[in-house]
Amino acid sequence: MSQDFRLDNIGMVNRNKKISFTFNGKKYFGYEGDTIASALIANGVHLVGRSFKYHRPRGFFGVGVDEPYAILQLERNNERDPNIRATEQEIFEGLEVKSVNCWPSVNFDIGAINNFLKMFFPAGFYYKTFMWPPSFWYKIYEPFIRMAAGFGEASIKHDKERYEHKYEYCDLLITGSGPSGLASAYAAAKNGARVILAEDKPRYGGSLLTSDVNIGNQTGIEWSEKIITELKSMSNVIVKNRSQVFGYYDHNMLVMSERISDHLPKTQKYLPKQRLWYIRAKEVLISSGSIERPLVFGNNDTPGVMLSSAAKEYMKVYGVLVGKKPLIFTNNDSGYETAIEFKKNGVNPLILDTRKEPSSDIISEAKNLGIEIKFSYVVVAAKGYKKVKSADIAKISDNKKDLSNIENIECDCICVSGFWTPSIHLASQSGNKSEFNEKIDAFIPKKSKQKENTIGSANGKFTLEETINEAFDKGYEVSNKITENNNKVSIPTVVEKKSTEHDKFWCVPLPKGKSYKRFLDFQNDVAVTDIELALREGFRSIEHVKRYTTLGMATDQGKTSNLNGLQLVSDIENKVVPQVGHTTFRPPYTPVSIGAIVGREVGKHSKPTRKSPMHEWHEKNNAIFVDAGVWLRPRYYKQGNETLFEASKREAKNVRKNVGVCDVTTLGKIDVKGPDAAEFLNRVYTNAWLKLPVGKARYGVMLREDGIVMDDGTTTRISENHYHMTTTTAQAANVLSHLEYYLQLVWPELNVNVVSTTEQWAGAAIAGPNSRALLMKLFPNTDVSNEGLPFMGYKEADLFGFPAKIYRISFSGELAYEVNVESDYGNFMWEKIIEVGKEFQIQPYGTEALSTLRIEMGHVAGSELDGRTIPHDASLEGLVSKKKDFIGKRSLSRSAFIKPDREKIVGVVPLDKTTSIPEGSYIVKDPKAKLPNPKLGHVSASCWSVEYDNPFSLAIIKDGKNMIGQKLFAMSPLKNKTIAVEIVSSHYVDPEGKRVRA
Amino acid sequence: MLYIFCPHCGLRSQNEFAYGGDATVKRPELNKEISDQEWNNFVYLRKSPRGKHLELWHHISGCRQWIKVERDTSTHEIFKTYKADELTE
Ligand SMILES: [Zn+2]
């Protein structure tokens, strides 16, 4: 297979390694080191996609990150990757890519009819066209837009690839390995700084790869190779290619995405696909270079029209000709370099220079090579639909307003150069307010905002000598500031051809009677007429013009379009560009895959999983687990074909009848120690704590300062100055922070320390009428009688040789104990309880049975203490001290909190005693009332009462106390259920609390 | 991501900290009679200044100390950090 556009003796691709790939199902080949773009161009393929709005044919416009057109969809190792720039993606064996934005095919695209319906797609068409009639939206507009929109299809499968995150710290981060990046990295590294040098392309060297220069008696390429080799060998330097620094965040945190495996057929073992680097740099040198600006003329989006620097790079780096009859259209000397390169490779270009009589070394060289040049000439319009076939060119008057001598000449590509735009994105992201530089008609960074400096062409320095000198100096200066070393390397001499000034002209006027589309934004199809229309319609702020026309809002972030758009606005408005201002640059500089952003934090790794020491036992005994925060807790233990409902009923019943054991390790536990501990607890909890004796536990409620219940739990006085506090599983971390806040900031005079001991203790709640009998067998040497260990008592005991703590507390409302041992003995404890408990018909119970038991007892939990309730709402007013002050007390006397008809906790039983009430149901008086039906409150928790064998719910309703005995309705619009209910006391079972004290 | 100097641990990334609100708020003393308005101001009213602001951060994944951070709310510049009991300027 021959490659018609491949040159033989030039380029850096590996000719010894052929690689085949498919594009839109057709097989092509290229060489190792080719991008999709270079390989396709080598094969003469220029039509790769369709534009976003008009579906006009799209080819290649650039050679790197700036590419607005060639966005493809990639298939690699059975994974789909959308939004791939063909100019960046390297080819590998078996690569499959296809066009996006075209249906049914890139050659015949139905959407191209949009091109002939242009009147429907003016600026702001999103806001105008698809408004009426409203009924058209779902059936016609939306499906149409959806089919036409987007840059490829995201995979809906789970991504099997691995992405990693890495945190790195360095003295100096340098973004870009062009001449300024290399020189500054070298100077800084030699001065002892820890340097990271990042290059987004596979090859280092930036513009040195393509320019005809000499540094220190070496060619640019030789010099860059030497510097890179030396940098790589230094232990204080990290050099990364295929790595894009895409975001500059606060406090010199930069984020870089490294494409480790994207250029390989398959991710290698032990390597991720991509790695995201979070780099905290002491200093940053932005050496991200500059991007050539397009010139604007008729049909300037036709495939074959591309940046002249891209054409040069395709030749010099890839050995590929973008055309054999090139037309170079330029307003500066850069176009000449491309023309000279064509000429050297046996192709005769024609240069159209907008300038009248420029003269420089480069122009002379072109003349000497016999290249044909037309001065004061412009391209009026490209001709050809899917590829440039010819161009209408014309002489332009000195005032750049009138065209004459229009003629059509044959050509197969048009290489444009409208001078250079510094890539100031990172500097701008850092907060640097840029300033407009008249000399280069572009913005450059102003005063450093963070610890950043911009160097080289990113800073508007367009000669190599200036760039190299500045970069060596900056590299030394910055490293000296950090390392205080004084090792200065000598700056090599630079030989380059001198160039002359560029022409400020950039937009070719339309010839009389012609209405060619002249595009500014190639990715979003924004043409000159769109901007004109937006301004006519009254849009003035550049930010508004941008959003209305979508100029610069595509995935290329307007890398090639922003400045021309600003120029146009300022021309029409008769302003200068700085008055118009420019829009804000935001990260990411280039698209970043979601996988890289997420990293390893997917699936079960998205949060830590905490397991109790008894977890394995639960697993072996058919526990079905439920997430409780980050904990895994047994929800129920399945026997045979039991359902959740059946199992939880069995487990709860067994607690009420015999004895059950529940893993309560997850409860938050906090040690509170110090001579002022009692005083502290007295301020934290709503009830009194000063007189709690050693060896006793007390239930407490703590509030936020706004009076809302924050958490509840029991706290036990272990010794004189030592308390063991328990919190709910969910609030454990918040309560600790809360306590620390008051101890460190509000009452630092209190001599108290708090520390989390949640992980130190394994806990088992033993509940049920048989629990004391079981305890007597577990702790034969300890007096656990009602007198020896009364309700809310605490004892230390010996569990078969291991120290244990017994708390006589109850959540289930039954006679119950909580036994704690050090975590390492948790499983031993559990197995002993089960073993010894056999004769008492012990069964383990999960969170579902636990809920049932607490609901029918009217014990509140998270669903009642939901961040809206004060103690009185949850019938906890008995725990609120009137005598002493505590956190949040003053709020309780606010008018809304003392209203007599505040919502209060009640019990709810369906009249038919069979229909369960969905949680979240509304309680209403009249189910048929006019909407919105006034609601009295809501159902917070529901269960099947095992005591009475009928459904029971807790609800929080207005004036709850006085509603008891009333017949109301529970409505669940979500489940489409209306249930007649009776309001009862929330203490449905054992309201006197006899059992816990038995 | 901010880089916060913890007076106990040194420079640490923001993701080790939890934000704790306005550090200039002073809780009324216990057992003191105060008006609804005063209490309301303490619980709910916060200034949201653009510019220099003294705020609380909790070094939750570090030393667990609450610290005071003087930060510019619009530029995120951090001028100074203080221990909880340190007097601020
Ligand atoms: Zn700390």
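This is a predicted model: local features need pLDDT of at least 70, side-chain atom pairs count only at pLDDT 80 or more; totals for chains, interfaces and linings use all residues.
Colleague: What makes the arrangement around the zinc ion tetrahedral?
Modeller: Start with the donors. They are N, O and S atoms within 2.8 Å of the metal (3.2 Å for Na, K and Ca); water is not among the atoms, so sites may look incomplete. The protein donors here are C6(B) (SG), C9(B) (SG), H59(B) (ND1) and C63(B) (SG), lying 2.0 to 2.3 Å from the zinc ion. Now the angles. Four donors count as tetrahedral if all angles lie between 85 and 135 degrees; four count as square planar and six as octahedral if opposite donors are over 155 degrees apart and all others between 65 and 115; anything else is irregular. The four donor atoms subtend 105 to 112°, so the arrangement is tetrahedral.

Colleague: What spacing do the donors of the zinc ion follow along the chain?
Modeller: The spacing is C-x2-C-x49-H-x3-C.

Colleague: Why is H59(B) called buried, and what is C63(B) called?
Modeller: Buried means under 20% relative accessible area, exposed over 50%, partly exposed in between (1.4 Å probe, protein chains only). H59(B) has 0%, so H59(B) is buried. C63(B) has 25%, so C63(B) counts as partly exposed.

Colleague: What is the secondary structure of chain B?
Modeller: Chain B has one helix and six strands. Helices (H or I, at least four residues) and strands (E, at least two) are DSSP runs, numbered from the N terminus. The pattern along the sequence is β-β-β-α-β-β-β. Of the 89 residues in chain B, 38% are buried. The C-alpha atoms fill a box of roughly 40 × 30 × 25 Å along the principal axes.

Colleague: Turn to chain A. Why do strand 17 and strand 20 count as edges?
Modeller: The open sheet of five strands has the order 17-24-18-19-20, with parallel pairing. Strand 17 (305-307) and strand 20 (372-375) of chain A each have a single partner strand, so one side of each is left without a neighbour in the sheet. The twist averages 25° from one strand to the next.

Colleague: How do you know that strand 18 and strand 24 of chain A pair?
Modeller: Two strands pair if DSSP finds at least two bridges between them. Strand 18 (residues 326-330) and strand 24 (residues 413-417) of chain A have five bridges, in the parallel sense. F329(A) stands opposite V416(A) in strand 24.

Colleague: What lies across strand 17 and strand 24 of chain A?
Modeller: Helix 7 (residues 308-318) of chain A does, running at about 80° to strand 17. Axes are lines fitted to C-alpha atoms, for helices over the stretch in contact, and angles run from 0 to 180 degrees between N-to-C directions.

Colleague: Why is T210(A) called buried?
Modeller: T210(A) has 10% relative accessibility, so T210(A) counts as buried. T210(A) sits in the loop between strand 9 (195-198) and strand 10 (214-215) of chain A. Leaving aside neighbours within four places in sequence, T210(A) is in contact (heavy atoms within 4.5 Å) with K312(A), E313(A), K316(A) and V317(A).

Colleague: What makes strand 34 of chain A largely enclosed?
Modeller: Five of the five residues of strand 34 (residues 659-663) of chain A are buried, so the strand is largely enclosed by the rest of the structure. V659(A), V661(A) and D663(A) point one way, G660(A) and C662(A) the other.

Colleague: Which strands pair with strand 34 of chain A?
Modeller: Strand 44 (residues 842-844) of chain A pairs in the parallel sense over three bridges. Strand 40 (residues 761-767) of chain A runs antiparallel to strand 34, joined by four bridges. V661(A) stands opposite I766(A) in strand 40.

Key: Residues are numbered from 1 along each chain as its sequence is written. Chains are lettered from A and ligands numbered from 1 in the order in which they are written. Side-chain values use heavy atoms; hydrogens and water are left out.
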